[in-house]
Amino acid sequence: MKKKKWFSSILSGMLAVSLLTACGTSGEKENGAAEGGAEKEEKKVLTMGTSADYPPFEYIDTAKGDEIIGFDADLAKAITKELGYEVKLVDMDFNGLIPAIQAGKVDFVMAGMTATEERKKSVDFTEPYYISNNLIVTKKDSGIEKLEDLKGKTVGVQVGTIQEGKAMELQKTIDMKVENRNRIPEIIQEMNSNRFDAAVIEDVVAKNYFNKDETLVGFPIPDAEEKGSAVAFPKDSELTAEFNNVLKEMKESGELDKLIEKWFGGEQPAE
């Protein structure tokens, strides 16, 4: 009987240790999984809407498939990384960007977009992160060297842009025809096909095309007000202030200037 009791006690003790060890291991795994799951859940992905036909702000890198690269892409990645987010870039037509914000299809927009009073009625904007101007772009042999030369001509613009608004403003004093297209390459093609005589294009974007096509030239619109590109958000989004804070830090640290140098090859134009 003593042997049986002794063996039973040993067996019970071993079973208890085994159960305690098993519970301890299981608890660690469960806690680890829970913690990992929480971390994964906290790592939110923000969707950025853009119009990837606007180099060097954003365009498709054909060498890498359908990857969107450019100044806005790099800046968005830098800001979202600082805030603890990942970012997904979605390409769409420019005039569909603000409706996409309003419909909740994207979390924010970066597309060289200017914060006009009209747009501010629909979305909120950060402070400008880049200042630029507009050019009249045309062919070298067009004979167009000043605004008055646009009389009787057809001028192309990208639909829904500041440049479209500027062309419509010029049309009030110059007898010219204004036509729009969804994408900048379409406008350039129309000029090359002699369907457009000229176009209104943002200076940094136009310079990119000048580098690729020596038949294109341009001149600034006299007394044109400089426009700043800003990030657009849904109304009352908390991200607006968060992005503004990071942009301010990047300006003060020189990080923003480095991106400007990388994509535009020079310092920010004088304000």
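**Note on helix packing around α2**

1. Helices α2 and α9 pack at an angle of about 155 degrees, with their axes 10 Å apart. Axes here are lines fitted to C-alpha atoms, for helices over the stretch in contact, and angles run from 0 to 180 degrees between N-to-C directions. Helices (H or I, at least four residues) and strands (E, at least two) are DSSP runs, numbered from the N terminus. The two helices are therefore roughly antiparallel to each other. Angles under 35 degrees count as roughly parallel, over 145 as roughly antiparallel, 65 to 115 as roughly perpendicular and the rest as oblique.

2. This is a predicted model: local features need pLDDT of at least 70, side-chain atom pairs count only at pLDDT 80 or more, and totals for chains, interfaces and linings use all residues. Residues are numbered from 1 along each chain as its sequence is written, and side-chain values use heavy atoms, with hydrogens and water left out.

3. The crossing of α2 and α9 is right-handed. A crossing is left-handed if the near helix is turned anticlockwise from the far one by less than a right angle, and right-handed if clockwise. On the α2 side, Phe71, Asp74 and Leu75 make the contact. Contact means heavy atoms within 4.5 Å. By class, this contact has 7 nonpolar, no polar and 2 charged residues. Ala, Val, Leu, Ile, Met, Phe, Trp, Tyr, Cys and Pro count as nonpolar, Asp, Glu, Lys and Arg as charged, and the others, Gly among them, as polar.

4. Now α9 itself, residues 255-264. Its buried residues are Leu256, Leu259, Ile260, Trp263 and Phe264. Seen down the axis of α9, they fall within an arc of 100 degrees, so they line one face of the helix. The arc is that of the directions from the helix axis to the C-beta atoms. Buried means under 20% relative accessible area, exposed over 50%, partly exposed in between (1.4 Å probe, protein chains only). Lys258 and Lys262 are exposed, on the face turned away from the buried side.

5. The buried residues of α9 pack against β3 (58-61), β4 (67-69), α2 (71-82), β8 (130-132), α7 (203-212) and α8 (239-253). Glycine 265 follows α9, and its phi is positive, near 70 degrees.

6. The axes of α2 and α8 come within 10 Å and cross at roughly 110 degrees. These helices are therefore roughly perpendicular to each other. Their crossing is right-handed. From α2, the contact takes Leu75, Ala78, Ile79, Thr80 and Glu82. From α8, it takes Phe243, Val246, Leu247, Glu249 and Met250. The contact residues divide into 7 nonpolar, 1 polar and 2 charged.

7. Look next at leucine 75, in helix α2. Leucine 75 counts as buried, at 0% relative accessibility. Leaving out residues up to four places away in sequence, leucine 75 touches Met110, Tyr129, Leu247, Met250, Leu256 and Leu259. Leucine 75 and leucine 247 are 172 residues apart in sequence and 9.1 Å apart in space, C-alpha to C-alpha.

8. Valine 137 sits in strand β9 (residues 134-139). Valine 137 is buried, with a relative accessible area of 1%. Not counting residues up to four places away in sequence, its contacts include Met191, Ala206, Phe210 and Leu216.

9. For the overall picture, the protein chain has 9 helices and 15 strands. Of its 271 residues, 44% count as buried.
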